[in-house]
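Reader: I am new to this structure. Please take me closely through one part, the place where the two chains meet, and then show me what surrounds that part.

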Amino acid sequence: MASRTAGHLNGAEPVLTAHAVRRAFGPTVVLAGVDLTIARGEVVALLGGSGSGKSTLLRILAGLDGEASGTSVVRGTAAVVFQEHRLLPWKRVAENVGLGLSGADGPGRIRRALAEVGLAERDRAWPAELSGGQAQRVAVARALVREPDLLLLDEPFGALDALTRLRMQILLRRLRAEHGFAALLVTHDVEEALLLADRILLLDDCRIAAELPVDLGPTRTPDDPAFGALRRHLLDRLGVPTT
Amino acid sequence: MSRTTLVEAPDEVTAAVPVVPLRQRPARRWRRVVSPVALVLGWELAARTGLLAAEKLPAPSDVLATGARLSRDGTLGIHLLDSLTRAGAGLLIGGLLALVLGTVAGLLRLGDDLVDPPVQMARMLPHLGLVPLLIIWVGIGESLKISLVALGAFFPIYFNTYAGIRDIDERLVEAARTCGLGQAARLRHVVLPGALPSLFLGLRLAIGAAWLSLVVGEQVNAQTGIGFLMMEAREFSQTDVVVLGLLVYALLGLISDSALRVLERRMLTWRRGLRAT
């Protein structure tokens, strides 16, 4: 697996290019040659049933899997938000956000990142003192503070309750409008994908089975008839009966 | 009469509700003191009335008086210092060795394969049973006492270091990697703090084992130390000094354990938050 990170960014070049990514666990092939590009500022949702290898693909793109083959190039910086918040329990919120952060004005950047997720007041709290939604927002701040060109999101709201999930989706849309980062959103939630993504990729049978642009405009609601049509189409492709 | 109780009862109940837990806790704490105090008083009484022969078990007040006398003439201080020195030296040697080997075995697969099997085998030996062999190896001097303490302290620290490192959530290490932390930084920010609660547990068990080893070690040809004090007193049937020695050992254990608890609470503040939720 050749994985490299190029420092400089050229406007025309995609922020992520992956080619012929393969991964097998023993005799079980999970990814059989996946090609993927993400343009700058583009949000791509990766949809698939459980066990379809979508999280495996994200881990490979994040450089966390040394045993995959193929190439993957990230031009710029990438940050990851996992399904669990993965905050270090022995560090206060601000220290967690600033983990491994280098460069000038660290404390100021941490403060701004926490303010952006609405947790400016909790910088001295321990992770154990936060609710699930708050902890996940800190995890988002930890990714944001690195000013990533690409955000890799592995079912980031999957462990949250329905109401918190809706709020987090709105938060992510706002942050994306402000920062213009590209993102790969791994999810099994069709509505979430339709709300957040510019393009949806369907992972099925170890490869990308379908690609679908989402032309719903910046303000989307599930009440939109076009939204409903796309939703039915996607659920149909995923093998879920909608009638 | 019955009418007044009926009228008053609800007031009492509502007033009592918030007070009950506050009032009950100190009351329970005091209740737990009752039986130990009664035991000591009974012991004192039995000794004073001659029910307990003084050479079998002297009165607690006599033991305390002996303690005061030996502290004043400096005897207790000298022996205590020697015992503490042995315990400290043994703990330091055994503890450091355990820390290094436990870390190597916990972090590196090669270290695990090479270090862990012999340690697991040696663990099965009761280390106090090694006294005859140790006497042959290192003699009956100071090195015997220190070796025994070091052996006693080694195993709890080794196993808890090893387990502490192994039990660290792999997902946290991964998250630290995505934050750009290199190997050394991951060791410092993730592995060390993650293993710290386990290290504290190991240290507490090790200190307990150290005192136990000291009790046994100081009964072999010691010229100083609390154990020597007790052995010597036995020969002259000074039961009060023997009981005093036991008391000192118990106090040493209590003090070291409480000190470690305080240190633990300071260094593991984040766990208090964990318990509160």
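**Where chain B meets chain A**

Author: In this contact, 18 residues of chain B touch 16 residues of chain A. Two residues are in contact if their C-beta atoms, placed from the backbone, lie within 7 Å. The model is predicted: local features need pLDDT of at least 70, side-chain atom pairs count only at pLDDT 80 or more, and totals for chains, interfaces and linings use all residues. Residues are numbered from 1 along each chain as its sequence is written, while chains are lettered from A and ligands numbered from 1 in the order in which they are written.

Three helices of chain B each supply at least two residues of the side that touches chain A: helix 7 (170–178), helix 8 (183–217) and helix 11 (269–276). Helices (H or I, at least four residues) and strands (E, at least two) are DSSP runs, numbered from the N terminus. Helix 7 of chain B gives the largest share, seven residues. By class, this side of chain B has ten nonpolar, five polar and three charged residues. Ala, Val, Leu, Ile, Met, Phe, Trp, Tyr, Cys and Pro count as nonpolar; Asp, Glu, Lys and Arg count as charged; the others, Gly among them, count as polar.

Now the rest of chain B. It has eleven helices and zero strands. Buried residues make up 29% of its 277 residues. Buried means 20 or more other C-beta atoms within 10 Å of the residue's own, exposed means 12 or fewer, and partly exposed is in between; C-beta atoms are placed from the backbone. Among contacts in chain B between residues at least 6 apart in sequence, 72% join residues at least 24 apart.

One loop residue of chain B is G129(B), between helix 4 (109–123) and helix 5 (131–138). G129(B) is exposed, because it has 10 other C-beta atoms within 10 Å.

After helix 5 of chain A comes G180(A), with a positive phi near 65 degrees.
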